Amino acid sequence: MGTAQGSSGGFAPGAQVVVRDEEWLVRRVDPTDHDGWRIEATGVSDLVRDTDAVFYEKLDDIQVLDPYETKLVPDHSSRHRCGRLYVEAVIRKSFLPQVERGLALADNFLMDSQTHQLRPAELALSMRNPQPRLLIADVVGLGKTLEIGILLAELIRRGRGERILVVTPQHVLEQFQRELWTRFGIPLVRLDSAGIQRVARDIPAGQNPFAHFKRVIVSVDTLKNRDLYRHHLDATSWDAVVIDESHNLINRGSQRNELARALEGRTDALILASATPHNGDPKSFAELIRLLDPAAITDIDAYQPADLEHLFIRRTKVSPEVRDSLTGVWADRGPSLPVSAVATAKERAVFELLAAEWIPAEGASVSTRTLFAYTLLKAFLSSHVALLETIDSRTDSVTKALAEDKSTDRAADERELAALARLRDAAAQITDADSSKLAALAEQLTALGVAPGGQLRAVVFSERIATLKWLAKVLPTRLGFSDAQATEGFAVLHAASMSDQEQMRVIERFGLRDDPLRVLITGDVASEGVNLHQQCHQLVHFDLPWSLIRIEQRNGRIDRYGQAHCPEFRALILTCDLDDGRILDDRLVGEKLVEREQQAHRAVGTAEAVTGLYRADDEEKRLVRDLIRGRTVEQSLSETQKEEPGGGVLGMLLGQIGSAPEHKAVPKAVIPRLFASTADYFDTALQEVYSGSPERVLNLVRDADGAIGMTPPVDLQHRLRALPDGYLRERGILGGRDQDPRMVLTFAKPLAAKSLKNALDSKSSQWPTVSFLTDVHPVLDWLTDKVLVLLGRHEAPVMHADVSEPVFLVQGTYANVKGRPAVVEWMAVTGLPGAGTVQPMSQVIQTAGVGADMDGLPVSATAIARLQDLVPQAIDTAAAHMEARRAEYEKAVAGPLEAYRKRLNQWQQDTLPFAEDAAWRRLTRAARERASLVDSLATSGQPPMLRLLAALEGGR
C-alpha cells in the first residue's frame, strides 16, 4: 500500500499539503524549468489561515497528505452538519475536470435564464477546443457581456479563471466592471487613469500591477501604451483574457494588433467579442481567427465556415432560439420615423452653391477634390457650424500648401480657395433661427415630452463635434430650459477632449433615474458597447451617417436586451428642391439608409447582409465613390453584394454558422450535492463556523425579504479589497472614518434585481446596496475556506446514515501534465471487508439520506475503530476502480486531443513549406507551442490521487 500520485507529485488543485508544519490548500500548480512544480496555496491551519503563498517542489519540503493515513473522527454536530459541510466544501473547492463539458453554474447568476446566452460557454468548453477560445459575434444588443460573464464563471469553477484580464474601450470600463460584479460576483480591479493613481498608492514602487491584482479590467488605449504597461504584460501570464470590440484588432502592424498578439501568447483562454467582427476582407478575418487558433485556417485565401465553427458564434435577434428566449424580456422594436425639415432660404443658398461649384451633375472620376466635395456636403447635412469648421480647416490647409510652395496644382488650389470663400460667405449667413433641423428637433423633443420638470429622456446623435457643441448651446433654450436647468439637464459625450472618467460619468448619469439629465447629445463614441437603455427609449439622429452599420450601432444603444419599453427612432431629413431638379439633401443617402436598416433588421436582424461590407468606414467610402461615379445608393448596395455572390465565406459566417442546433439542451455538469441549495449551505456553514452565533459575532441580521446584513470580519475584509473600488467606497463595505464596515448579501434574485434596478434609478450611484451571492462570489469562497478547517489535519468525519454496510466517500483525480485535473471521480466505496465495489457518490448519498434530515445519531468508538481498519481497503478499492477505468478516461481525454493533433499536423504540412523566412519562424514557433499544449493536456499516465472525504455507518 502507499500513495501513488501523478507526475505533479499529487499537487493537483484542491489537494491538502503540509509545508513548514502548516497545512495548505493547493490552488494552482504550474511546472517550472528548474525548480520542479510551482504551487500556489492558501493557508488553512490557524497560524497561516487565509495567507497566500508560493512554494517550489525542489526548494520546499512539501508533503501531500497520504489517504491511507486518514484519521476517521466522529461528527457530533447537529444532524452531522459539520461532516456534510466538510464534504460539500471539498467538492466546491475541487475544480471541475477537463472531461467535464457540462455547465455547472448556469442558473446561479443575477439574470434571466436565456438558453442562447449559454451557448458561447458551451461551445468554448467543447472537446473540439484544446483551449477555451472563442469569438462571440452576436449582433448589437443580445447581451455579449452576460455571455462573457457566464463563460468566465465556468472557467473559475474549473480552476482556469484565477487570473483574468478584460480589455475594453475606455468609455465602457465601469459598465463592464459593474455587470460582472453585480450579476456574477466576479470582481475586477479597474486600471483606468484614476485606477493607475490608486495602484501607485497601494503597491510598492516598480511592482508589476498585474502580479498584485489577479483580475483586472483596463482600456485598450491604456494597455497598448508600451511605456506604461507593455513590460509588465511581457512578464505576466493569464488564465483568461477578454478583448471587447475586437474588430479593432484586425489591422496587422497596429498597436492594438500587436497588443492582441502579445496577449494571445500569454493566456490559456481567449475571448474576443464584436458585433462587427471583420472588415469584409476574408484575409483580415483569418488573421483575427488565428489569434484564437493558428491551426484553424490553412489557407487564408480559401477557407470555409466549417473550419471555424468551433471558434465562432453569431446570432441575431431573429434567430429562432434567440427570438423565443427574448419573449417578454426585450420590448419589440418601434418604428424609424423620418422627420422632414425643409431647408430655409439661407440653407437653400448653400445647397445651390454646392450643386453649382462642388458636386458634379454627372458621374465624375474619383479624386481628392471630388471626395472633399462630399465631405462638405456631409458637413452641411450635419449643421452650418460643422460646414464652417470644415471650410476653415480646408482653407488653412490649402493656404499653407501654397505659401510653402507644396501645391501640386497652384491654379486649381487658388480656384478652390475662391470657391471655399464663396461657400463660407453663404454658410455664415445662416443663424440659429435659420436652421430647419434645429427647429424640427426642438419640435420633436417637445412633442415627446422633453421639458423642464419632465421625465422623458432622449439621446441625440450627430457625427460632428462642432454640431454636438452647438446643439448643447442652443437646444436647451429652444426647449424652455433655464441656464441652470440646462447645466443639469443636457450633456455632451464625445472622445475628442473628454477623459475616460468624464465619458463614464456622463454615461452613468444618463442611466440614473433620479439624475436630472434628460438629453444626451452624443457622437458615435457612444455607438459601440454603451448601454443607454436603462432610462431611455427615444433616439433621434440629428444627422445621419452614410453607413447602415453605424445607424444600426446607434439604434442598438437603446434597442438591446433588458429594454422595457418599445424603442423608437427618429431621423431628421433635411430637404431642398434645387432648380436643376437634383437631390443633394438627406433624401440622397440618409433617408434611404434609414429605411434599408429597418428592413434589414426585420428580415435578418442585421444590416451587414444588405451592404456586403462589415466596417462603417469602408461602407461610407464605397458609397461616396459610387455617388461620385453617378450611381445611386440602391445601385451601390446592389453592386457590392454582386461582388461576392452568396456573401462568400464572410456572408455565410454572418449567418448562424457556429451556433448550436436550435433548442438543443445545454448540457449540465453532474456534481454531488449534500445541500438543497447554495443558500442552505451558506446558512448552515455560518452556524457551524461561528458555533451557532453568527448573529452575535458578525452582527448578522436577516430581513424577511431575503437580505443578509453582516459586518465582515478582518479576514474577509482583506479579501474584499479586490472588489470594485467604486462599490467599496460608495457602499461602505470596508467602513470609513464615520462608519463601521457593513455588507448586505442575498440569495433572493427578486431582491437583488430590485436593488440593482434601484441603483440604476438612483441619483448618485449605480452600485446596488445588496450583493447577489453566486457560487463564485468572494464571500462564499471565504466561508468555504473556513469550513475546510473545521476538521483537524488529515481527518475525515464519520456520519450515521441510512446504510446497511460501511460506505467510504472518496475523491479520485487524474491530473494532466500541467497539474490540472483531467478526470475527477466522486466515489462511494462499499462491500468492505471483502471484494469492495464502487458506486457514484451522488447516488449513494441520496439513497442514504445524507442531508438536513439526517438523524445525527452518534457513531460508537468501536464502530469507528472498525471503519478505521477498513480505510486501506477502501483506498485500494477506489484506486483499482480508477485504474480499471483508465482506458475509458484516456479515451475521453485523448480522443479530442488526437483529432486536434491531426488538424495541427495537416496545418503544418499545408502551411510551413510555402512560408517565407520570417513567417516560417513565426509559424514554426506557433506549431511547437500548440503541439506542446496538446501534450500537456493529456493525462500524466501516473496513478490517481485519492482523498478520503468521509465514512457512513448505519449501525446503532
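Because the model is predicted, local features need pLDDT of at least 70 and side-chain atom pairs count only at pLDDT 80 or more, while totals for chains, interfaces and linings use all residues. Residues are numbered from 1 along each chain as its sequence is written, and side-chain values use heavy atoms, with hydrogens and water left out.

Start with the interior. A nonpolar core is a set of buried Ala, Val, Leu, Ile, Met, Phe, Trp, Tyr and Cys residues joined through side-chain atoms within 4.5 Å. Buried means under 20% relative accessible area, exposed means over 50%, and partly exposed lies in between (1.4 Å probe, protein chains only). The largest core has 61 residues, and Phe-682, Met-743, Leu-745, Val-779, Leu-809, Val-850 and Leu-952 have the most contacts inside it. Helix 1 (residues 81-93) supplies the largest share of this core, 7 residues. Helices (H or I, at least four residues) and strands (E, at least two) are DSSP runs, numbered from the N terminus. A second, separate core has 45 residues, including Ala-355, Leu-544, Leu-627 and Val-633. Leaving aside neighbours within four places in sequence, Phe-682 is in contact (heavy atoms within 4.5 Å) with residues including Ile-708, Phe-747 and Leu-783.

Next come the strands. Strands of a sheet pair through backbone hydrogen bonds, either parallel or antiparallel. Here two strands pair if DSSP finds at least two bridges between them. Strand 26 (residues 821-830) has 10 of its 10 residues buried, so it is largely enclosed by the rest of the structure. On one hand, strand 26 pairs with strand 25 (residues 807-815) in the antiparallel sense over 8 bridges, with Gln-811 opposite Trp-826. On the other, 4 bridges join strand 26 to strand 27 (residues 837-840), also antiparallel, with Val-829 opposite Val-838. The hairpin of strand 26 and strand 27 has 6 residues between the strands, and Gly-831 in the turn has a positive phi of about 80 degrees. Pro-833 lies in that loop, and the peptide bond from Leu-832 to Pro-833 is cis, with omega near 0 degrees.

Most residues other than glycine have a negative phi, and most peptide bonds are trans. Asp-21 has a positive phi of about 65 degrees although it is not a glycine; Asp-21 is exposed, with a relative accessible area of 57%. Arg-79, also not a glycine, has a positive phi of about 50 degrees and is partly exposed at 41%.

Another sheet is parallel and open, with 7 strands in the order 9-10-8-11-12-7-13. Strand 9 (189-190) and strand 13 (312-313) stand at the edges with a single partner strand each, so one side of each is left without a neighbour in the sheet. Helix 3 (residues 144-157) packs on this sheet, touching strands that include strand 8 and strand 12.

Last, consider helix 34 (residues 886-911). Among the buried residues of helix 34 are Tyr-889, Val-893, Leu-897 and Tyr-900.

Conventions: Axes are lines fitted to C-alpha atoms, for helices over the stretch in contact, and angles run from 0 to 180 degrees between N-to-C directions.
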